[in-house]
Protein chains: 6
Amino acid sequence: MPLKKKFRLISAHARHEPQRPEVFAHSAGPDFEITEIKLESGAVSIESAFDEVLSSPGIVARAIEAEHEGMHAVIIDCMGDPGLYAAREAVNIPVLGPGEISMHVAAMLGHQFSVVTVMDRLRPILENHARVYGVFDKLASVRAVEMPVLDIDDHLDELTRRLIEESVQSVRHDKADVIVLGCTGFMGCADAIAAGLAAQGLHVPVIDPIPTAILIGGALVDAKLSHSPRCYPAVPRKPMIGFHAVPASKT
Amino acid sequence: MPLKKKFRLISAHARHEPQRPEVFAHSAGPDFEITEIKLESGAVSIESAFDEVLSSPGIVARAIEAEHEGMHAVIIDCMGDPGLYAAREAVNIPVLGPGEISMHVAAMLGHQFSVVTVMDRLRPILENHARVYGVFDKLASVRAVEMPVLDIDDHLDELTRRLIEESVQSVRHDKADVIVLGCTGFMGCADAIAAGLAAQGLHVPVIDPIPTAILIGGALVDAKLSHSPRCYPAVPRKPMIGFHAVPASKT
Amino acid sequence: MPLKKKFRLISAHARHEPQRPEVFAHSAGPDFEITEIKLESGAVSIESAFDEVLSSPGIVARAIEAEHEGMHAVIIDCMGDPGLYAAREAVNIPVLGPGEISMHVAAMLGHQFSVVTVMDRLRPILENHARVYGVFDKLASVRAVEMPVLDIDDHLDELTRRLIEESVQSVRHDKADVIVLGCTGFMGCADAIAAGLAAQGLHVPVIDPIPTAILIGGALVDAKLSHSPRCYPAVPRKPMIGFHAVPASKT
Amino acid sequence: MPLKKKFRLISAHARHEPQRPEVFAHSAGPDFEITEIKLESGAVSIESAFDEVLSSPGIVARAIEAEHEGMHAVIIDCMGDPGLYAAREAVNIPVLGPGEISMHVAAMLGHQFSVVTVMDRLRPILENHARVYGVFDKLASVRAVEMPVLDIDDHLDELTRRLIEESVQSVRHDKADVIVLGCTGFMGCADAIAAGLAAQGLHVPVIDPIPTAILIGGALVDAKLSHSPRCYPAVPRKPMIGFHAVPASKT
Amino acid sequence: MPLKKKFRLISAHARHEPQRPEVFAHSAGPDFEITEIKLESGAVSIESAFDEVLSSPGIVARAIEAEHEGMHAVIIDCMGDPGLYAAREAVNIPVLGPGEISMHVAAMLGHQFSVVTVMDRLRPILENHARVYGVFDKLASVRAVEMPVLDIDDHLDELTRRLIEESVQSVRHDKADVIVLGCTGFMGCADAIAAGLAAQGLHVPVIDPIPTAILIGGALVDAKLSHSPRCYPAVPRKPMIGFHAVPASKT
Amino acid sequence: MPLKKKFRLISAHARHEPQRPEVFAHSAGPDFEITEIKLESGAVSIESAFDEVLSSPGIVARAIEAEHEGMHAVIIDCMGDPGLYAAREAVNIPVLGPGEISMHVAAMLGHQFSVVTVMDRLRPILENHARVYGVFDKLASVRAVEMPVLDIDDHLDELTRRLIEESVQSVRHDKADVIVLGCTGFMGCADAIAAGLAAQGLHVPVIDPIPTAILIGGALVDAKLSHSPRCYPAVPRKPMIGFHAVPASKT
């Protein structure tokens with residue numbers, strides 16, 4: 001019987017309690033053993049380059065810690081994939097960005113995809129990511145519901161309504177064939193959005209980034225594939241000031 | 001206990017016997033039940049647009065048959081992904097192209113990747129695929145060992161030597177961070193190539209397309225994701241001449 | 001006196017009778033001797049990747065036959081250019097795709113062009129062709145009249161009205177400077193569309209793909225130019241199953 | 001019997017005598033009546049942006065004159081296509097640039113093409129043209145024989161030798177499938193270059209820009225197609241100082 | 001005390017009197033000594049490729065003259081940058097195009113920028129410039145107020161109103177983060193447009209091309225940087241007819 | 001008399017002493033009053049994504065501090081521009097990245113440019129920056145001298161030798177027209193490299209990023225231009241954990 005795949009979810013949001021362990025377990029299935037960890041510093045939600053910069057050092061530290069603890073892979077719980085490349089330089093196990101994975105999966109499922117996110121201010125950031133990830137040609141649009149992350153939990157109905165509205169616009173106006181949920185805080189909304197689209201005669205896959213990242217990450221682990229040490233080489237040993245807690249584990 | 005994922009591998013090569021069922025089973029793991037089927041007509045190997053055109057109708061017919069038989073997904077066993085989009089129009093289950101999947105996985109693992117294939121004549125075809133799949137910006141190069149598919153089985157040592165040689169050139173000269181094996185007939189060579197690269201100090205992931213396609217395909221099935229009906233809409237009912245055996249199953 | 005240029009038009013549609021010989025003769029002029037041939041199998045109209053896959057083997061076979069019969073060039077009568085690259089591997093004479101030729105001519109006549117086709121489902125296919133043909137930067141949009149090919153003959157007035165409407169939108173909204181008719185079944189409509197556009201003050205060239213392909217093809221024949229054997233190399237001799245009728249003629 | 005197509009070749013080089021009327025007549029065939037005209041001012045050869053700027057006003061003036069005199073089309077005799085867009089604003093008849101036409105024809109004949117020109121200093125200019133013409137993705141390379149235009153006539157053997165050498169490099173090193181002669185002064189060399197390439201086992205089409213432009217231009221005239229008035233609108237009437245001899249004829 | 005930077009502004013418009021010396025002096029500050037010169041021939045306003053071709057030889061001649069007279073840099077006073085590359089081949093001092101500089105500055109200030117110009121007929125020209133300058137990916141749109149250059153002075157209020165309107169559309173509809181004034185005749189309007197945008201809650205930088213070109217040009221002069229002689233090599237000495245007054249000064 | 005422009009240079013390297021104040025003062029000229037500040041935490045040199053992530057929070061904090069202290073602009077002293085976009089969200093004054101500015105200036109000075117940096121591991125990072133900054137089409141290559149930042153001071157002769165060698169290769173092999181020094185630690189080497197290139201007959205501008213960024217930044221300040229609040233909107237007020245010292249100053 002195969003061992004369970006041990007995945008560490010690093011919440012980019014500096015909140016006080018792990019959020020949704022049972023949800024992750026459900027969506028990932030019995031092959032995975034998923035733990036979640038929060039950051040000790042940073043913004044309580046990530047919706048700007050500023051927030052990403054503050055959370056990135058902690059994310060890298062948590063990735064190193066996860067590798068030390070025997071995890072098979074780590075997932076950065078934020079569509080902005082903060083610290084993704086830096087963490088890859090620091091560890092050998094796969095570091096999975098839900099933004100990167102969702103966009104590539106979307107590119108495989110349709111001619112073009114749209115990302116529907118929280119705030120329009122993330123549009124430039126996500127468009128730049130699509131360029132760097134190499135899938136910009138498949139990006140139909142980035143749209144936003146204009147609801148801050150911290151408001152999501154208290155306005156789920158309004159959120160769902162707006163997500164359906166922007167998804168419909170993405171398909172009708174921007175010619176998207178696939179919708180990518182543009183915030184990991186939208187987890188669990190995919191079915192409702194797909195139903196809302198279908199109610200208007202629009203049948204398109206809706207990608208929920210965290211479950212997708214877990215499952216694709218599992219496939220990579222099974223295939224014994226991780227990021228290339230050629231472009232994510234180990235961090236050289238040299239003096240560091242104020243970050244004694246971040247020793248790179250990569251060899 | 002979860003049911004096994006039933007995958008149908010459609011060999012694009014019109015050979016007389018299924019080839020490597022035990023190999024597929026091994027690389028895919030116990031979660032999969034994999035069956036393989038050959039075409040009844042077409043070229044015995046696929047290494048040109050001509051060969052692809054001849055094999056594509058049969059591939060589409062086999063995909064429809066597989067859906068009828070309750071398969072969870074089909075994989076086209078050829079890096080040229082012949083008939084990929086047509087089959088997606090004909091069935092609802094995921095139709096997986098090892099070329100498309102390998103290129104997207106490679107794009108996620110490194111800054112740039114190279115494809116090392118059988119014949120240089122496939123270079124334009126694979127470059128065009130990279131454009132259509134949306135990952136051309138990540139493609140460092142397409143290189144070839146200049147060995148026809150039908151010669152592979154009898155010259156495995158020579159093949160491995162040349163694959164290592166072209167892979168080294170891809171990394172050193174073309175700046176590839178990841179190697180994609182550019183023919184599904186190379187299955188099983190990835191470890192030897194990675195070792196050959198490592199012996200020259202070059203540590204890069206080497207992607208074996210069929211096992212990778214099976215595992216990523218499994219993740220898509222678990223995530224309940226398939227290609228978008230918006231860009232792969234069902235084939236309309238209309239008179240067809242000479243293809244009575246190809247009734248589209250999609251609804 | 002120069003010999004007539006003998007061109008073979010291969011109808012991608014598997015219909016029972018040649019369609020419009022006298023029309024082709026008229027639009028091509030006295031320098032051409034044009035024959036038309038239908039396929040023996042395939043869909044009766046081409047409006048999907050599925051249809052293209054079914055018609056492609058027959059198109060390649062007809063191209064080989066045409067070269068054997070001394071034709072100077074063959075034209076694939078379908079804007080999707082099914083089998084174009086495969087046929088070029090099989091014969092030495094120019095194989096002309098009205099899609100490819102129309103897009104390049106349109107790119108030379110204006111800053112941007114739009115293609116107005118039958119069904120929106122062809123948009124991804126035509127956009128991908130524009131990428132592969134290298135003229136995507138000049139493509140303003142692909143629009144559709146949403147009328148299946150088989151309905152065209154019975155609804156010519158409605159067709160013309162919709163073609164004008166979408167052409168006007170292409171020019172006004174998408175900033176197209178040139179209109180390409182996106183279905184060879186639209187042959188003969190170009191003047192009416194140009195007139196309809198002019199009636200709204202929009203003066204743009206409208207390209208009728210088949211006459212344009214014949215005339216540009218004639219220029220290539222006169223210039224003694226054909227596709228490059230480097231990227232369309234001859235098909236190697238090897239066993240083929242079920243396609244004895246398709247012996248490649250290329251040397 | 002169809003009337004002859006009257007084409008005016010505008011030599012961008014300010015030389016004293018028309019150059020090669022009988023050559024043009026031969027390569028174009030009996031359907032054309034070709035006249036050639038020189039500029040009254042400008043550089044004696046065009047091999048820089050500076051030269052192009054000096055010749056462009058005269059080229060536009062000659063294009064207007066040609067239209068007044070009943071020509072069916074004008075061809076700018078220079079691969080840099082100086083004054084191409086300005087002339088199109090000034091006249092209704094097709095204004096043909098051998099650079100633009102050759103690149104598009106090359107793009108249709110192969111996966112990639114190279115341009116082999118006189119001086120490396122033209123490389124940025126020709127690469128920029130490929131971008132503006134929309135075919136940059138098909139451009140394998142621009143190479144140069146480093147021989148000034150004025151030296152060509154006295155060093156034809158050396159020229160041919162170098163053209164073959166750079167063409168071989170284009171095919172072998174840059175992966176070109178088609179060669180475009182990058183100077184209209186190379187007219188007549190195409191067969192020798194193709195033979196030189198074939199002697200090394202490289203079979204690729206070699207495009208001679210002026211004959212190709214004449215024949216493709218003839219096809220456009222027969223198809224009743226010219227550049228779009230949307231992006232090349234007529235020049236508005238307004239005061240002009242020092243160019244009384246250049247009244248735009250376009251309506 | 002540092003010497004003043006002597007800049008020569010070459011008006012592309014063939015008008016009779018220098019226009020706005022005191023304005024230039026004010027916007028540039030005390031570090032600059034700016035002189036302005038008009039052309040002796042050409043169109044009185046530049047709003048087409050035709051106009052640009054007529055003004056370019058004079059612009060090059062004035063650039064050479066300016067270098068002879070000891071200027072530190074020349075600026076071509078037209079957003080179309082006519083003669084830019086030719087002038088760079090002719091002189092060693094920086095030749096500054098307000099179009100090129102404004103687009104690059106805009107690209108540095110925001111994710112995307114729009115250019116708002118006089119006439120829509122300049123859109124293809126400016127889009128092509130964005131491609132050649134290498135910043136097309138940052139161009140959100142080119143919009144026009146549809147007011148000919150010669151009408152500007154008499155309709156300043158109407159002009160400002162329309163500029164604000166198109167700028168608002170650029171930000172709201174085209175997602176521009178920065179506005180570039182697309183005609184040097186709009187000089188002085190930037191503050192009013194920024195205020196008009198702010199009145200609608202849209203806070204974006206508005207770039208006034210001539211002052212920006214002067215100041216960036218001053219920075220280049222202070223940094224001792226000028227265009228590269230590799231891609232703008234000196235014009236070779238050879239016979240020229242009718243341009244005795246244009247001896248290249250570059251060595 | 002105009003006030004001096006007060007610029008704050010934020011050293012991305014967590015070193016103990018400010019480095020080169022007199023050098024900055026000299027290269028910037030008397031119009032500037034430049035102060036330098038080090039980070040309190042981070043790596044002592046920046047040559048990886050990992051290093052950048054660790055230094056970015058401190059850079060943002062220093063940018064906010066600089067704005068509070070009345071600076072006119074801040075410059076991030078590192079070619080990787082760490083924290084650039086985050087800092088722009090946090091302050092209103094221009095935040096200047098020497099990487100971004102050098103690439104845009106290089107794009108204006110030549111057809112293509114190369115960046116010559118410390119380590120090849122920075123190549124993917126700098127290529128990605130070129131994509132995001134919108135100038136990838138102008139990037140000929142990124143080359144490296146393979147000398148860690150900390151070794152520079154002790155091996156200046158060797159460094160200069162290697163910089164010249166790679167610059168020569170950039171010009172000869174990669175067709176660069178301009179060289180950008182790819183590490184701010186190379187400051188002061190530009191003249192030696194230009195001389196080394198000239199000794200081999202290669203005359204190209206060599207851009208020294210920090211002096212160039214200071215001078216271009218001065219021009220932006222004089223033009224009253226800063227980054228757009230549309231794509232770099234102010235950071236919303238919300239709980240932050242562990243970063244009390246980083247209050248955004250932007251309004």
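At what angle do helix 4 (residues 98-109) of chain F and helix 5 (residues 123-133) of chain F pack, and how far apart are their axes? This is a predicted model, in which local features need pLDDT of at least 70 and side-chain atom pairs count only at pLDDT 80 or more, while totals for chains, interfaces and linings use all residues. Residues are numbered from 1 along each chain as its sequence is written, and chains are lettered from A in the order in which they are written.

The two helices, which are DSSP runs (H or I, at least four residues) numbered from the N terminus, meet at about 70°, with 10 Å between their axes. Helix 4 of chain F is therefore roughly perpendicular to helix 5 of chain F, a term that covers angles of 65 to 115 degrees. Gly99(F), Glu100(F), Met103(F) and His104(F) of helix 4 of chain F make the contact with His129(F), Ala130(F) and Tyr133(F) of helix 5 of chain F; residues are in contact if their C-beta atoms, placed from the backbone, lie within 7 Å.

The same surface serves both copies, as 100% of the contact residues of chain A recur in chain B. Chain B and chain E, by contrast, do not touch, and their nearest C-alpha atoms are 14 Å apart.

Note on methods: Two residues are in contact if their C-beta atoms, placed from the backbone, lie within 7 Å. Axes are lines fitted to C-alpha atoms, for helices over the stretch in contact, and angles run from 0 to 180 degrees between N-to-C directions. Angles under 35 degrees count as roughly parallel, over 145 as roughly antiparallel, 65 to 115 as roughly perpendicular and the rest as oblique.
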